[in-house]
Amino acid sequence: MTSLLGSMISTLGMALRYRPLIGVSSQVSKANALFNPELTTVRFRYHADKVAKGPVPRRHGYEEKLFQSGLLPRKVSVDKALPMPTYKPKNSWNEKRALFGQNDYIDILGPSNEISQKTLHPTQLLYHVPPWLRGVQGNEYQVLLRRRKFVQKKGYALGHPTKWATLNTRIKKLYTYLNHKTKSPFWKHS
Amino acid sequence: MATKIINKTVTELSLRITRCFFVPSKTIQTNATLFQERLETSITNVEEQLPTTIRPPLPIIHSRKLAFPPKFKAPRQVWVSNMDTVEEEKLGLIDLHPEVFAERPRVDIIHENVRWQQLYRHVSYANTKMRYEVRGGGKKPRQQKGSGRSRHGSIRSPIWRGGGIVHGPRSPTPYFYMLGFNTRLNGLRSTLSAKLAQDDLHIVDSLDIPTDDPSYLEKLVEERGWGPAVLFVDDNDIMPLNITAASDSHGHYNLMPVYGLNVYSMLKHHTLVLTLAAVERLEERLLFHLNRNDAASAGQKYRLDSV
């Protein structure tokens, strides 16, 4: 409705400018200009024309604080530009990136044992993840408990005494924090 | 050179599979292999005239039996091309199962699958020290009262510069989660259907090419209007030597066995090229999962240490 009104008003402006009003009462002419089925609004401004003239400025009023032109910062005494690393674009098609995600659907597309119908699972292929962390979904407390379970058998306490102590301290602190300072999640309240 | 090529295609996994699961490879008896006369000379220079392949009258491949015949959807028909020559020669027309290749593409499911692939293997090793882990800070810096300055108990409290971080990242943080079995299954179906619908899926009889020259592949892909990046999928994970050598120098031409196919790779590569054997295997696997009796047990939630 507002656009219709706007178009009417613009039509009114154009009509009053370009139509002769001799011999016609101003009231009638105004009414004519407001609603006249013979008149129609025509688009005469296009965003494409504005863009064609040059780049349309964005962020009006914003002052860019980074250097856009001129000499790079340098030590005046040495008169040598400060070192900047040369830009090297990443290779999107190196082996790792090109074959990313391979074998993620091995349990669906891989061969299955004819009797038991067991297949490989993608969690069995997480070679770059620590073995105790493969397929683990949990918060820090759960992850640390699992780590302690895996590590204590191998004599971790003898080989890494500080880390073993830190691990146990962290578990103790998390236990007290989670059980004495925080409430259980809403789904655990009976 | 030879070892480098082998390492590219024969993965640790494939060796495990060939050792653990013996699955007799199904080869399709195409008439092309029986009647084709080809000169078996080794040619390294592409500019020399390649021997003209003599074929019987087309179509060579003209029928394919679909497992679990579709009742309410019409099978989709695709041309089968060759890889022997740079110019495309259509060897025949085959049917593709609509349940696999003509499913309405669900963009939200495709997105879920891509997100899962990116996240489930991600582990964040970012770590910050708590106040009791930062070196020092056991002693009270100054007397409680009398100095006129603010009171403190430790120089490593979180309000101090150089102090511990309270709720910072704790290494290692796993972002693992398992997407539902059917969501992943439907992701594969949606992506394959989208690829076919957008003319980015091509079927070839086999991946045998006459030379190991990388420019042969370039010319072939350019001639046929296949996308800049092409993913070649075959049933077997040990690929023919020529195509392996030709694609080795190009990072955007990649070879994959059927079990390695995934939504992310299909979207990363512009064109997907499947061999007939790959189509058979792919359809067999997906239709098996769609029509199995014990789908409930297969689609159960993943439990840690259950695999």
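In this predicted model, helices α6(A) and α8(A) cross in a left-handed manner (the near helix is turned anticlockwise from the far one by less than a right angle). Chain A also meets chain B, with 57 residues from chain B and 47 residues from chain A in the contact (heavy atoms within 4.5 Å). Local features need pLDDT of at least 70, side-chain atom pairs count only at pLDDT 80 or more, and totals for chains, interfaces and linings use all residues. Side-chain values use heavy atoms, without hydrogens and water, residues are numbered from 1 along each chain as its sequence is written, and chains are lettered from A and ligands numbered from 1 in the order in which they are written.

**Two helices of chain A**

- Helix α6 (residues 140–151) and helix α8 (residues 161–181) of chain A pack at about 145 degrees, and their axes lie 10 Å apart.
- Axes are lines fitted to C-alpha atoms over the stretch in contact, and angles run from 0 to 180 degrees between N-to-C directions.
- Helices (H or I, at least four residues) and strands (E, at least two) are DSSP runs, numbered from the N terminus.
- Residues of α6(A), including A:L144, A:L145 and A:V151, meet residues of α8(A), including A:W164, A:I171 and A:L178.
- By class, this contact of α6(A) with α8(A) has 10 nonpolar, 1 polar and 4 charged residues.
- Ala, Val, Leu, Ile, Met, Phe, Trp, Tyr, Cys and Pro count as nonpolar, Asp, Glu, Lys and Arg as charged, and the others, Gly among them, as polar.

**Salt bridges**

- Over all chains there are 15 salt bridges (a side-chain nitrogen of Lys or Arg within 4 Å of a carboxyl oxygen of Asp or Glu).
- A:R170 and A:E140 form a salt bridge at 2.9 Å, N to O.
- This pair links distant parts of the chain: A:R170 in α8 and A:E140 in α6 of chain A are 30 residues apart.
- Between chain B and chain A the count is 4.
- There, B:R170 pairs with A:E140 at 3.2 Å, N to O.

**Where the chains meet**

- About 4700 Å² is buried between chain B and chain A, and carbon and sulfur atoms give 62% of that area.
- Buried area is the accessible area (1.4 Å probe) that two parts lose on being put together, summed over both.
- On the side of chain B that touches chain A, the largest share, 5 residues, comes from α10(B).
- That side of chain B has 34 nonpolar, 12 polar and 11 charged residues.

**Backbone details**

- B:S171 and B:P172 are joined by a cis peptide bond, with omega about -20 degrees.
- B:P172 sits in the loop between β3 (123–124) and β4 (173–174) of chain B.
- A:N103, a residue other than glycine, has a positive phi near 70 degrees.
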